[in-house]
Structure formats: C-alpha cells, structure tokens
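This report treats salt bridges and surface patches. The sequence and the structure are shown below.

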Amino acid sequence: MTHFLLLLTMFFLFVIEGTIVQVFSPDRWGIQILMIPRFVVVLLIFSALFLGRIQGLFIGLFFGLIYDVVYGGVIGIYAFSMALVGYFSGLTFKVFQQSLIIIISTVLVSLVLHEFLVYGLLTLIGFVSVELDFFFFNKVIPTLVLNFIFALLVSYPVRMILLQMKEEEENT
C-alpha cells in the first residue's frame, strides 16, 4: 500500500510540476533564468537511496517515459536519464542514508547528472543548440536552487516514509 502511495505522490508532483509551478516561473515575468522543478526526480533519488537500485531503476524508467511522452520531443531521453539516475543513486543507498547532509548532497549531484545527461543527449542528436555556459548558469544553477529548497522541505517526512517502507519490506 505504501508503494502505491509513493507512486501516487510522485504522479501528483509530476502534475504540479507542469501546472501550478509554471505559474510562478521567473521567465513568466521576463527574468531570463529557467527554474525547472524536478520534484519527481528528487523523490526518485530519495526512493533509490532508501529502497535500492532496482526500484530506483524501474521508478525512474516509468516516470521518465511519462516525461518523454508529456514534455519531451524525443522518446527515451528522460526514460534513460531518470533510470540511470535512479540506478546510480540506489547504488549508494547503504552508505549514504545515514546523514541528511549527505542525502541532500547526493540529490544535488544526481540532479546535476540528470540535467547534463539530458542536455548532452539532446545536443548529440541536434535537438538543442544552447551554449554550455548559458545552459549551466541560466538553467542548471537556478534549477538546483529550486530543487534544493524542495529537497530540504520534504527530506524529513519522505525519509520517515521510506524508512517505514523499507522496514515493512524486511518484515514480509
């Protein structure tokens, strides 16, 4: 049941990312930065850190495909990137789930990996032609700030829920 609630919460965040958050986006007011909410990716990384790499891989693949269908122009870019981020975040789950600072650091590093992976793949196939320094300063840094704040806000309750899920899995 808690797995279903986790996926439902992630789907709800996916909808929030594309609707409500876009209303408050800085580029709507003429500010030339892109703050992309990656709330689902943050929850994916948390899930992978606490539940393991296989679950991180499949959750990332599932939501990546949804991202590709809804937001992407190329099917498979987000699916590959989110599955990879979920898998590699899950590799560190036994080492890094002890400290909140290390968890948040892992989330930020994984978000940077995700952003550069998507940028690199889209640039490779010629779908995007943005200079790297513009991409880094106008998209990656603001996106990291927004998602860092989100990760800080949800870290404690999400950590408690995921630890409960992990405990339930070990008892069954």
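## Salt bridges at glutamate 115

In this predicted model, the side chains of lysine 139 and glutamate 115 form a salt bridge at 3.4 Å, N to O (a side-chain nitrogen of Lys or Arg within 4 Å of a carboxyl oxygen of Asp or Glu). Lysine 139 belongs to helix α8 and glutamate 115 to helix α7, so the pair ties together parts that are 24 residues apart in sequence; helices are DSSP runs of H or I with at least four residues, numbered from the N terminus. Both residues, lysine 139 and glutamate 115, are buried (under 20% relative accessible area, 1.4 Å probe, protein chains only).

A salt bridge at 2.6 Å, N to O, also joins the side chains of arginine 38 and glutamate 115. Arginine 38 sits in the loop between α2 (20–23) and α3 (39–51), 77 residues apart from glutamate 115. Shared partners join Arg38, Glu115 and Lys139 into one network, and two salt bridges are found in the whole structure.

## Setting of glutamate 115

Glutamate 115 lies in helix α7 (residues 100–124) and has a relative accessible area of 2%. Beyond its neighbours within four places in sequence, glutamate 115 is in contact with Arg38, Phe135, Lys139, Val140 and Thr143 (heavy atoms within 4.5 Å).

## Basis of the values

Residues are numbered from 1 along each chain as its sequence is written. Local features of this predicted model need pLDDT of at least 70, side-chain atom pairs count only at pLDDT 80 or more, and totals for chains, interfaces and linings use all residues, while side-chain values use heavy atoms, leaving out hydrogens and water.

## Surface patches

Glu167, Glu168, Glu169 and Glu170 gather in a surface patch of negative charge (residues with over 30% relative accessible area and no salt bridge, like charges joined within 9 Å, nonpolar side chains (Val, Leu, Ile, Met, Phe, Trp, Tyr) within 5 Å). Glutamate 168 has a relative accessible area of 35%.

Key: Areas by Shrake-Rupley, 256 points an atom, 1.4 Å probe, with all protein chains shown as cover. Lys, Arg positive; Asp, Glu negative; His and termini not counted. Charge placed at Lys NZ, Arg CZ, Asp CG, Glu CD. Buried < 20%, exposed > 50% of the residue type's maximum accessible area, 1.4 Å probe, protein only. Helix = DSSP H or I, 4+ residues; strand = E, 2+ residues; numbered from the N terminus.
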